[in-house]
Amino acid sequence: MTTPSSNSAPSGFMEGNLLKNKWIYRFFRSRWYPGIIQWPTLAIFAVIMFDLMLGPTVTHDNFGSAMTWVLWWPVIPIIFLFMGRFWCAICPFATVNDIVQDFVGNHRPVPKFLKKYGVWIIDALFILITWGDHVWGIVDNPVGSGVLLLLLTTGVVASGAFFERRMFCRHLCFLGGLAGNYAQAGMVSLHGTPDICAQCNTASCYKGTEAAPGCPIFEFPKTMQSSANCVLCGDCIKNCPNGSIQLTVRPPTTELWFVHKPKVEAAFLAAVIMGIVFVQNVTMLEVWGSILSWLEGVTGTTSYYVNFTITFAVAIALPVSLLAWASVYAAKYNKASFVDNFTRFGYAIIAFDLAAHIAHNLFHLLAEGKSILYTGVAMFGVDSHDASPALAGMPVIQTLQFGLLGLGFLASLYSVYRIAESNHEGEVVWATFKPYALMMVSFGILNVVLFTLPMSMRM
Amino acid sequence: MAQTKIVRWLICGLAISLLILVLPGTVLAHGEGGGTVIIGGYQVSLVFTEPVKAGQNLFHVQILDGMGMPVRGAQVIVSAKPAESAQPHPGSMAGMEGMAGMEGMAGMEGMAGMEGGAQAMGGMHGMSHGPVAVPVRVTANETDAEYSGVIAFSATGHWMANTHAIVNGQMLMADFPVEVEYASSGYAFAILVAFIGLNAFIIWLASFTKRKSVLPEPTVELL
């Protein structure tokens with residue numbers, strides 16, 4: 001049995017190799033991992049799907065709705081922060097992909113256009129699903145939520161049936177795109193030990209061995225420099241003949257400061273997510289009705305589809321435009337291209353995205369958390385309609401929300417500084433920092449205003 | 001590996017058992033409404049002919065006297081209001097003014113059955129997350145000692161129906177909880193069937209093409 005590397009492992013606080021702990025190492029190398037978590041998750045997913053499609057048609061009473069939108073969706077960004085893309089290792093869709101692949105998999109290579117444009121497709125899907133939620137009421141309607149999950153299931157069935165590994169997870173999953181961004185701000189990193197990997201020619205981590213299949217997400221730990229596409233499935237740890245793999249804990253957002261190969265589509269998604277947080281809140285404003293009436297006058301139609309779409313487009317265009325403006329302004333001083341600035345500094349928004357996302361959903365988790373229990377026991381005929389679903393009072397929730405927003409703002413601001421510092425020198429650092437700092441302040445003000453307004457419950 | 005497979009099948013079996021266990025409860029849990037109440041020596045029954053859905057629903061009210069004989073010539077009015085309307089949001093106490101206008105709609109009687117109105121409200125998604133529940137009031141018509149009418153529920157959820165009957169000058173009032181479901185819930189089965197069919201086809205196609213093709217080694221792109 002190989003042992004985890006002690007070479008090159010940083011020994012500073014929070015940076016030691018967790019795999020040096022024999023229990024953690026054994027757990028990751030165990031053939032029970034990740035199956036021991038993956039299979040119960042799939043079983044719970046089956047119950048959720050069943051309840052969404054055939055259970056109570058009222059969201060308030062639906063256990064599937066509660067599990068999906070009050071528990072899973074609020075908790076998932078917290079998982080990304082503390083455990084990277086661990087969720088993707090146990091995701092029921094990935095399990096379905098693997099099952100179908102085991103039986104009928106054709107193992108065809110991933111189409112080239114997906115490799116090239118996959119993240120853009122993910123961006124488009126993310127926007128489409130968020131838009132669809134507002135105009136069709138996906139969250140509000142258990143069957144709507146069920147249909148969304150069924151569509152994703154069909155996607156992974158097709159992916160597992162025809163293509164190699166987890167093609168859908170890597171190139172098409174909208175949550176995977178979000179997870180990739182958030183995981184880069186997360187606290188966990190998996191990578192090979194350069195000195196050991198340099199001597200290795202087996203590529204077992206990528207190809208797989210009898211111990212485990214190769215990396216399901218098409219990553220090669222030897223050269224992997226980002227956590228964006230590592231799902232912590234442990235396959236490379238099982239496969240590595242040299243014990244080269246390291247699992248380290250790092251301060252949040254560290255990776256954002258030194259992104260080796262920044263992608264414009266990831267930066268665009270970061271800005272889009274900020275816009276989506278805006279639109280989720282804007283539709284709850286007192287003046288939202290007036291805005292709609294005004295839009296109806298301008299567009300000449302009362303179609304909610306048309307008028308909401310315009311609002312949605314504006315909300316998304318706002319952070320993208322602010323990022324673009326800051327990039328143009330910074331380019332005057334740092335002489336980098338607009339695209340280069342847009343891409344590099346777009347990553348800094350991820351920290352604020354993550355904080356705002358958690359803060360928004362914290363309300364649903366803490367103000368409606370008990371609905372998971374109530375809808376769960378209701379499946380067995382126990383009625384608890386009059387009971388409060390709140391796990392915490394509003395002062396507590398708002399304190400946590402504004403605390404998170406503050407941390408997210410500071411983390412993004414600091415990331416801007418670190419990105420500027422790692423790419424420029426002298427006065428150019430501050431000249432580059434200023435427009436992006438102004439952008440972050442604008443995001444901060446908008447978020448604070450929007451978070452002080454009342455929110456609707458999901459259940 | 002054999003142990004892992006056994007565990008997988010055990011978990012699948014457990015999930016299926018759980019689904020079967022839960023099925024009867026969930027099927028009975030929605031679309032319910034009506035019942036029977038004894039009041040002032042009369043037995044008042046409210047019956048919906050089908051599971052109650054958002055939109056129009058046919059109902060029957062039957063009033064039996066102490067001898068169990070149907071009562072004729074009564075004036076019967078059925079009204080309904082959302083049981084949980086204006087449920088305050090724990091997070092919105094400080095700033096509910098904006099929502100107050102929406103809640104105020106709940107007092108606008110006479111808007112029953114205004115589906116267009118309900119849809120327009122439903123469009124204001126962010127504020128209400130679904131159509132606004134509007135109280136309704138319907139006078140039942142008598143046919144052979146049975147009082148019937150059509151009542152329109154503007155939204156899904158928990159409602160409270162109230163029968164208001166005047167029998168020989170005596171007022172009888174009874175409340176009946178009603179669970180209103182989505183009118184389109186029947187489509188869920190069709191969607192599921194379509195989903196199963198589509199996925200079965202994909203799997204069949206993959207097994208067909210797998211037999212015809214030689215499995216290539218996974219493409220190795222190391223950098």
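What follows is a short exchange about chains A and B of a predicted model.

Visitor: What makes a residue part of the contact between domain 1 and domain 2 of chain A, and how many residues does each supply?
Guide: Two residues are in contact if their C-beta atoms, placed from the backbone, lie within 7 Å. The contact takes 30 residues from domain 1 of chain A and 34 from domain 2 of chain A.

Visitor: Which helices of chain A supply at least two residues each of the side of domain 1 that touches domain 2?
Guide: They are α3 (63–83), α6 (112–136) and α9 (174–184) of chain A. The largest share of that side, twelve residues, comes from α3(A).

Visitor: How do the residues on that side of domain 1 of chain A divide into nonpolar, polar and charged?
Guide: There are 21 nonpolar, seven polar and two charged residues. Gly counts as polar here, and Asp, Glu, Lys and Arg as charged.

Visitor: What makes a residue of chain B buried, and what percentage of the chain is buried?
Guide: A residue is buried if 20 or more other C-beta atoms lie within 10 Å of its own. In chain B, 26% of the 223 residues are buried.

Visitor: How many helices and strands does chain B have, and in what order?
Guide: Chain B has five helices and nine strands, running α-β-β-β-β-α-α-α-β-β-β-β-β-α from the N terminus. Of the contacts in chain B with a separation of 6 or more, 63% join residues 24 or more positions apart.

Note on methods:
Residues are numbered from 1 along each chain as its sequence is written. Chains are lettered from A and ligands numbered from 1 in the order in which they are written. This is a predicted model: local features need pLDDT of at least 70, side-chain atom pairs count only at pLDDT 80 or more; totals for chains, interfaces and linings use all residues. Helices (H or I, at least four residues) and strands (E, at least two) are DSSP runs, numbered from the N terminus. A residue is buried if 20 or more other C-beta atoms lie within 10 Å of its own, exposed if 12 or fewer, and partly exposed in between; C-beta atoms are placed from the backbone.
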